[in-house]
Amino acid sequence: MNNHPLLKYLARRLLILVTSFAAALVAIYVLLRIIPGDPSDSLIPIGATPAQILAAKHSVGTDKPLIDQFGHWLSQIVRFRFGNSYISGSPVAPEIFARLRITLPLTLIAFIVAILIAVPVGITAASRGQKWYGRLLNTFSQLGIAIPVFWVGLIGIYLFALKLQILPAGGFPANGWSDFGGSLKSLVLPILTIAFVMSASLSRYIRSVTLDVLNSDFLRTSRSLGFSFRQALWSHGVRNAAAPVISILGIELATTFVGAVVVETVFALPGLGSLLVKAIQENDYATVQGVLFVSTLIVMLSGFAADALQKWLDPRLNRYANEVRA
Amino acid sequence: MKMSISKNLRRKAFAAAIAFGVVASLVPAAAQAAAPTTVINVGSLYEPQNLDNTAGGGQGVTEALNGNVYEGLFKLNDDGSVSNLLATGYTVSPDGLTYTFKLHSGVKFASGKPLTSADVKFSIEKVIAPDSLSARKSSFGPIASITTPDDLTVVVTLSARSISLIYNLSYVWIFNSTATDFKAHADGTGPYTFTNWVKGSTLTLTRNPSYWGTGAKNGSVVFHYFTDATSLNNALLTKEVDVITSVQSPDALSQFSSSAYKINNGNSTTKLLLAFNDRVAPFNNKLVRQAVTSAIDRKKFLQSVWGNYGQVTGSMVPPKDPWYEDLSGVYPYNPTLAKAELKQAGYPNGFTFRLDTPTYDPHPAAAAFIKAQLALVGITVNINSVTDDQWYNNVYKAHNFVATLQEHVNDRDLVWYGNPNFYWGYNNPAVTKLINASEQVKSQRTQTLDLKKANELIVADAASDWIYLYPQIVVATSNLSGYPLNGLNSQFYAYNIVKA
Amino acid sequence: MSSKLTSNRRLFIGSIILGAILFIALLSLIWTPYGIEDMSGGRLSGVSLHHLFGTDTLGRDQLSKLMIGARVAVEVGFLAVLIGVVLGGTLGILAGFAQNKLDDALSSFLDILIAFPTLLLAMLIVAARGASLTSGILAIGLGISSVFARLTRLLTKSILSKDYIIASRISGTSWPRIVVLHILPNIWPTLLVTVALQFGIAGLAEASLSYLGLGAPPPNESWGSLLQQAQNTVYTAPLSAIVPGVLLIILVVGVNLLADGVRIKFDPKIQGQR
């Protein structure tokens with residue numbers, strides 16, 4: 001097995017990655033400034049005089065021509081300097097890292113829990129689809145993808161926080177992770193909420209893929225060639241099925257980073273999603289750009305990692321002979 | 001002989017015992033007077049945008065820092081009165097143009113720097129500076145100069161009389177003139193020091209042991225910030241916070257009806273307005289404004305949102321302003337009269353207008369209610385949902401609107417009706433004259449009379465429709481006491497709060 | 001066989017549910033028990049003969065609001081998915097034809113597009129044009145189109161690699177004809193399944209938007225808006241917080257059953273199980 005084609009492929013992908021990343025950053029910059037609104041708007045009190053309005057614009061630098069602003073931003077971003085928030089005046093980067101300290105554990109753990117639930121549920125629902133428990137699992141996953149995620153959160157709060165009083169209803173300890181126990185407790189319900197919804201959709205996908213594998217030509221062929229069911233399943237079933245599953249997982253993980261904002265709102269967690277939402281509402285361009293920089297980077301990296309993993313598992317990826325499932 | 005000696009002894013022993021008892025009872029009191037350590041957790045929806053109230057800190061920075069970390073020369077009390085704080089007193093020249101303030105001695109900032117008159121001069125100038133974003137800047141227009149003859153004296157010279165100067169000064173925080181970053185750091189003279197701010201989550205204040213006045217009765221205060229009312233309520237239900245500074249709906253209150261909680265119904269200074277654009281048709285016609293006001297049953301709407309809380313005041317003036325009077329009876333609900341007035345004004349078949357409505361509660365419900373009510377008299381309302389930013393740019397700055405809904409938070413803001421360039425464009429020269437003159441009078445009594453007169457004119461003109469005054473509902477665990485009950489401009493003094 | 005029965009049963013149940021919701025939605029256009037501006041019902045009055053699901057804090061009839069919610073759900077689902085299929089499908093087919101470098105670039109681009117949170121898109125659109133039903137539909141539609149783009153790209157590539165396509169090209173068939181003759185007929189079953197699934201996803205996305213305050217104002221309140229409004233009154237009027245959620249679940253389950261049924265019917269590989 002020579003790795004040169006793989007390395008060449010990865011190098012090419014990396015180049016495209018970097019170019020599209022840069023293009024995405026510029027697109028975000030332009031998009032933000034096309035939308036009506038100005039960072040200084042959030043700073044103005046009611047009863048402000050026209051002079052104060054101008055002064056506010058000056059304080060955030062939006063009274064300068066757009067080209068000047070763009071040049072300044074470019075010179076900063078190539079040195080990975082995110083600048084200061086237009087609204088709070090504090091540096092953007094430490095704020096993002098502080099939020100990541102909550103969003104990263106939340107997303108990663110929820111993801112792992114979701115996979116741990118979804119894989120056995122999906123496979124069982126597929127292979128034992130005729131048995132009562134297989135059908136039950138199938139029904140549960142049908143329901144699971146139909147419930148709005150904030151509903152799940154609200155029900156969880158009602159049960160575990162308000163009625164049983166064993167978990168907090170929301171918020172995160174003021175000292176952060178130095179209150180380790182408190183921090184963990186604050187994350188239990190949010191993790192379960194995300195994992196519940198994610199595992200429902202993942203299990204349906206895994207069930208579908210498992211069914212394909214169970215009925216695929218590859219499997220039949222390798223069995224007829226004398227491989228045991230297990231061997232056949234692994235060498236021809238899973239490896240073929242893994243490719244689309246991995247890419248789906250990559251995207252799911254990435255979207256949950258900023259997509260967890262609904263869960264963050266329900267549980268009052270200071271995560272990356274709620275920072276983004278607040279920054280957009282306040283026209284805090286510096287923060288929005290900083291957050292999108294990080295989240296786009298994560299998306300691309302996980303896409304890249306998924307790609308590399310797929311290629312390594314099945315070098316014949318360019319043959320689209322496999323079934324494609326929605 | 002023996003008995004007298006033992007009696008003597010007994011008497012001495014008795015005296016000693018009493019002395020001991022007195023001393024012994026003092027010891028726990030002394031121990032109590034030594035640093036309290038209770039943590040008070042406060043739940044709020046209003047997170048500061050930054051820590052500087054002259055640089056756009058917002059409503060939240062007043063709530064967290066006013067009176068707690070930063071102090072002014074004077075302070076606004078919970079009942080609306082103004083008393084001395086960092087100033088021990090002041091004198092005014094007979095022509096009312098020179099104010100001399102004396103400062104407390106021995107006051108230090110949390111960093112240790114002593115308070116001097118230079119800090120006061122710096123702080124006032126920060127509010128009136130060209131780049132100041134303070135909401136109070138225009139009220140200090142009459143200030144001509146500030147001098148500091150000595151470390152504990154500040155002299156402010158005015159170009160015209162300003163009866164509200166003392167009241168306005170209660171909003172001026174005294175900053176440390178040698179500090180540099182006011183948006184991210186706070187060094188004040190107050191009973192608390194600013195400890196930590198985890199954005200989107202908590203803001204922590206710690207008791208200042210070297211505070212110049214009576215120290216705080218608790219060890220620290222942690223503000224917990226939420227973005228929606230349900231999470232806030234849940235936090236109180238699970239005791240993660242001890243008190244909520246303002247509950248947003250009465251139905252949620254039924255969760256707090258047990259004896260474990262106490263519900264307090266105070267006065268706020270927040271009004272919900274249906275603001276007409278008095279410059280453009282059809283609302284440049286007084287008769288039309290009167291008709292619309294008479295066509296909306298404000299009491300019914302208040303009840304639908306707040307049940308038995310809140311009140312219809314009929315004007316821009318909340319009860320805690322000195323010039324308050326109940327004008328809700330001037331235009332009572334009368335749809336028949338409304339229809340007649342519309343006909344008289346030249347709109348027998350009604351008309352259609354666009355209502356710019358903010359997206360957060362209670363504005364959407366108010367818009368729906370108004371639409372339904374006005375439909376009964378033949379007026380069609382098109383509800384246009386706007387974001388804060390759109391409202392600010394289109395309505396407030398560009399005056400590009402016909403009518404809008406908005407809440408106004410400040411007290412003593414009747415004066416905006418004296419400015420024809422304010423967004424609603426109300427222009428009555430008699431009112432403008434009265435309001436401008438009221439600032440230059442010699443006594444508070446005259447000011448009150450003048451502004452009452454102005455208010456009556458404004459209400460008679462139906463300049464806007466003041467739908468209702470928000471209640472200030474503070475809910476706390478029943479073992480908590482000493483918290484403020486009225487939400488004057490969102491301030492929340494935390495230093496008297498104790499847990500039984 | 002059992003599979004046929006199961007497929008038919010799913011199609012059956014799914015169609016019934018969707019049909020019922022469609023019927024209510026259409027009905028709401030011409031009649032609801034009370035007008036949306038009729039506030040005569042008394043604040044939070046409970047279940048009664050006059051108001052089968054009670055009233056809200058303004059005295060409006062809940063049943064009428066629920067019916068309008070059905071209309072909004074259908075509107076959002078239909079229009080958002082339409083945008084998704086047309087925009088995304090076209091992009092995807094075009095991308096399917098791309099080779100090598102252009103192909104790699106486009107697939108990267110599509111991946112970023114998919115990962116761009118719909119919520120963020122919705123916020124930007126709301127910031128530009130205000131919160132309304134159209135803003136929500138646009139945002140969700142754009143989000144869905146990236147899913148369809150990716151799907152159609154993969155499908156197109158799969159078909160294009162087949163031998164008979166190459167033969168067809170050699171014999172001189174133009175690309176547009178190939179699209180119409182070979183691609184579209186082959187991808188429409190999978191597309192249909194995705195359409196059904198995304199219909200439900202659109203409904204859920206709209207509910208989340210409403211929860212965050214970005215949803216349509218009255219009179220276009222969706223079930224998601226009703227849920228958000230009901231949060232405060234959940235202790236005094238629990239029904240108002242349960243019914244819209246249950247209806248949303250029923251809609252999504254119904255649409256998913258329909259999707260499953262369609263897939264079983266049309267996918268030749270699966271005949272013979274389930």
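Predicted model: local features only at pLDDT ≥ 70, side-chain atom pairs only at ≥ 80, totals over all residues.
The C-alpha trace of chain C spans about 75 × 50 × 30 Å along its principal axes.

Of the 274 residues in chain C, 57% are buried, that is, under 20% relative accessible area with a 1.4 Å probe and protein chains only. Among the contacts in chain C (heavy atoms within 4.5 Å) that link residues at least 6 apart in sequence, 71% join residues at least 24 apart. The accessible surface of chain C, from the Shrake-Rupley method with a 1.4 Å probe, comes to about 11,500 Å², and 71% of this surface belongs to carbon and sulfur atoms. Chain C carries 19 positive and 13 negative side chains, counting Lys and Arg as positive and Asp and Glu as negative, without His and the chain ends. The centres of these two sets lie 11 Å apart, with each charge placed at NZ of Lys, CZ of Arg, CG of Asp or CD of Glu.

In chain A, T296(A) is found in helix α12, which covers residues 285-313. T296(A) is buried, because its relative accessible area is 9%. Leaving aside neighbours within four places in sequence, T296(A) is in contact with F21(A), A24(A) and I28(A), and also with I112(C).

Residues are numbered from 1 along each chain as its sequence is written, and chains are lettered from A in the order in which they are written. Local features need pLDDT of at least 70, and side-chain atom pairs count only at pLDDT 80 or more, while totals for chains, interfaces and linings use all residues.

Technical notes: Heavy atoms only, no water. Helix = DSSP H or I, 4+ residues; strand = E, 2+ residues; numbered from the N terminus. Buried < 20%, exposed > 50% of the residue type's maximum accessible area, 1.4 Å probe, protein only.
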